[in-house]
Each structure stands twice: as C-alpha cells, then as structure tokens.
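I opened this notebook to keep track of what I look up as I go through a structure that is new to me. The entries follow the order in which I turned to each part.

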Amino acid sequence: MRATKAVIHLENLRHNILEIKKIVSPGVRLCVPVKADGYGHGAGKVAVAAIRAGASFLAVASIQEGIDLRNAGIVAPILSLSLPTPEEIPGIIANSITPLVFDSEFISDLGIAAKKMNRVIPVHLKIDTGMGRIGCFPEESVKIAKLVSNESHLFLEGVCTHLAVSDSLDKDDIEFTRLQIKRFEDSVKNIREAGINPGIVHCSASGGVLQYPEAHFDMVRPGILIYGYSPSKELNAKINLKPVMELVTKVVSIRKVPAGTSISYGRKWIAGEDTFIGTLPVGYADGLLRKLSPGLCVLIKGKKYPVVGRICMDQCMINLGNSGEVQRWDDAVIFGPDPMGNSAENLAELLDTIPYEVTCGINKRVPRIYTGTEDLNPPDYV
C-alpha cells in the first residue's frame, strides 16, 4: 500500500454524533451530510457508521451521490440539498431520493414524472430566509406548499431553511440569525394555518446546533461537527469533538546536506547550517497545498518538524535538524486527532480557509483506511 494514506477513525465519528445528541433534545432527528464523498472521508463507510450511531437521514449535494449510496446498499432516507436538472428526475424517483422543492416548474415536472412511474415521493420545501441561495421567499411558502399538496404523487415530508451566519458571535450576525429563525417560524406557522402539515421542520446546521437550541425543531443537519470540527474556532469550547481524518505518510528518504544547500523549486529555502533533510511522498496533488510552506510542521515520534522549500506535486521535504532521532520509514502525521500534532483546523488557518476545504481537498488517489469498522459489515448495516 502507498505510504501516504488517510486513516478514517469511525470510532471518533460515532463519538461526535453522541456528543451532538447530548446537545439536542430527545426526539430531535439527525440528518448527516455525506456530500462531497463524506467531506472527503468516504461517503459509504461514513453513512453506515452514522446510521449505526443514530442518524435518521443522510444528505447529499447531487443526485449521483444519492444513487451511489443506493448502489452501495444504503436504504436510509437520503435528502438532496442541491437542485437537480430535469434529466435527473427519473433517477430521483427510481432511487427514492428526497429532493428540495420551491418553484412551480420543478414541482409540476416532478409530479408528472412520479405519476408516470406510479410512485408517490416525499419532498421538502426549501424557504430562503436570508441565505440568498435557493428556496422560495417566506411570503411564497404557503402558495408553494399548496402546489405540493395538490400533486397527487407528491407529499410534503418536510420544510426547511439554511442559516447564513449561525456560526458567528458577531452581534449583527446573531441578530440576523434570529431574524432568519423568526421568518422560518412564521412561514411554518402560516403553512399549518393553511391546513397543510409541514412535516419534519429543520433549520440548523452545525452553527445552529451549537448556538440556537430554539432552532433545533424536529431535525438538525450538522455537517462539520460530525467530522470533528466546529464551524468556527470561537465555538470550539461548546462541544467535545474528535477529528475523524488523519493524513499520514512516511519518511522515505533522509540525506545530510551542507549549509547553503537550497531545497525544492525556486530555491526559496536554503539551509543555514548542516542538517538532515527528509522527503515525504505527499504533495499538492494529494491535497497538501503549496501555500502550506512555509508554516506547516509534521509530527514524527511526538515531535514537530517543519516543511521546507516549496511543496511539490507528489513530494515535500522536512528539516530534521542534526539530532538523528528520525529514521527512514518513520510515520509522519500531517494532521489528525493527536493533540500533539496538527488538526485540519491548524492547516485551515495557514491557508486562510476552513477545515471543510482541507478534508474535502484530500485527493481520491490517497487511499482511505478505516478504523472502528467492527459493526459495519454488510448486508445488515442499513
């Protein structure tokens, strides 16, 4: 097996789900997003572990992601969070994927196709309360709910919205989030008063789970919390999480170089003294972006060593100093759950981004190795 691999600690994923369950009220359902191949962790194994730990729904961002889960044997409800094309409608129906709806054209097309295929399918009405992405406006929500109710082969299983800044502690952002929640509550109330059952009411992603218990409603959709990170650093203290992904490689070469030796493309780093340089078989094609050097250190035998010179497509170099403690073939951890080393959050800070982008960016050529899989054996895992 390749030296560079992503170890996925499913026992940590289960821990995170149980921590989330401590925050929400009993009876509040859990929808686990496994889009983008489970945020880079592997959608199939993550889906099974999440269901085993108590998830009621899974969420994807494309119809093909949902179909892939069905082909893997997943039978749990799957909610698609992004808009499909008309050509994808038969796949939605055939694979029992629950779409979001918010306009008359798509509702009509979906209803016609469901009738032709002799299926009655659930849909969730998406309301745009301030995200500005997709959804009907709050004042349209009753009209759109009625359109769904009038379709004989559709039924309104749920009503939802998405909060734009629920992970922020800024005063204005908190005020805006509360406004979004109020708009959503009013919309749901109006739907009920129109004699329509809104079904499963859901609103909160990770930020909402941590900060707005009044917005937990019937179901929550924590994404990054599942994978071991808070949606913002300011919220870290609110929950005890364990990172699920560990990116690890090996030291494949060690050479002593004299002072004045330049390392890697561009000669951006030059040894100030005689030192040992180690080579790691991981680079930006694996998701270890060039921008991480200078700044990134890797963990070897409980000690950090800096990456020096530009990160290459497939390799990078580290300065091991003169101690001789590191040996060829030693493990080098890029990031993971070990508190002595980096987390994806640390890399995100160096990149001026978020942990989501770090884990999603680990290329598929990096093999995923799963731990904590004892109870994930098919065919009874769903």
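**Helix α10 and its surroundings**

I began with the packing of α10, and I find that its buried residues pack against β18 (331–335) and α11 (355–360). I keep in mind throughout that this is a predicted model. Looking up which residues these are, I noted A344, E345, L347, A348 and L351 as the buried residues of the helix, which spans residues 344–351. Viewed down the axis of α10, these buried residues fall within an arc of 160°, so they line one face of the helix. I then moved to the point just after α10, where D352 takes a positive phi of about 55°.

**Helices α1 and α3**

How do α1 and α3 pack, and at what angle? I find that α1 (residues 10–23) and α3 (residues 43–52) pack at an angle of about 45°, with their axes 9 Å apart. Because angles from 65 to 115 degrees count as roughly perpendicular and those under 35 as roughly parallel, α1 is oblique to α3. I also recorded that α1 passes α3 in a right-handed crossing. On the α1 side, L10, L13, R14 and I17 meet K45, V46, A49 and A50 of α3. The residues of this contact divide into six nonpolar, no polar and two charged.

**Residue K182**

My last entry concerns K182, which lies in helix α8 (residues 171–193). Is K182 buried, partly exposed or exposed? With a relative accessible area of 44%, K182 is partly exposed, since that term covers values between 20% and 50%. I also looked up K182 together with V28, which are 154 residues apart along the chain and have their C-alpha atoms separated by 19 Å.

Technical notes. Residues are numbered from 1 along each chain as its sequence is written. This is a predicted model: local features need pLDDT of at least 70, side-chain atom pairs count only at pLDDT 80 or more; totals for chains, interfaces and linings use all residues. Side-chain values use heavy atoms; hydrogens and water are left out. Buried means under 20% relative accessible area, exposed over 50%, partly exposed in between (1.4 Å probe, protein chains only). Helices (H or I, at least four residues) and strands (E, at least two) are DSSP runs, numbered from the N terminus. The arc is that of the directions from the helix axis to the C-beta atoms. Contact means heavy atoms within 4.5 Å. Axes are lines fitted to C-alpha atoms, for helices over the stretch in contact, and angles run from 0 to 180 degrees between N-to-C directions. Angles under 35 degrees count as roughly parallel, over 145 as roughly antiparallel, 65 to 115 as roughly perpendicular and the rest as oblique. A crossing is left-handed if the near helix is turned anticlockwise from the far one by less than a right angle, and right-handed if clockwise. Ala, Val, Leu, Ile, Met, Phe, Trp, Tyr, Cys and Pro count as nonpolar, Asp, Glu, Lys and Arg as charged, and the others, Gly among them, as polar.
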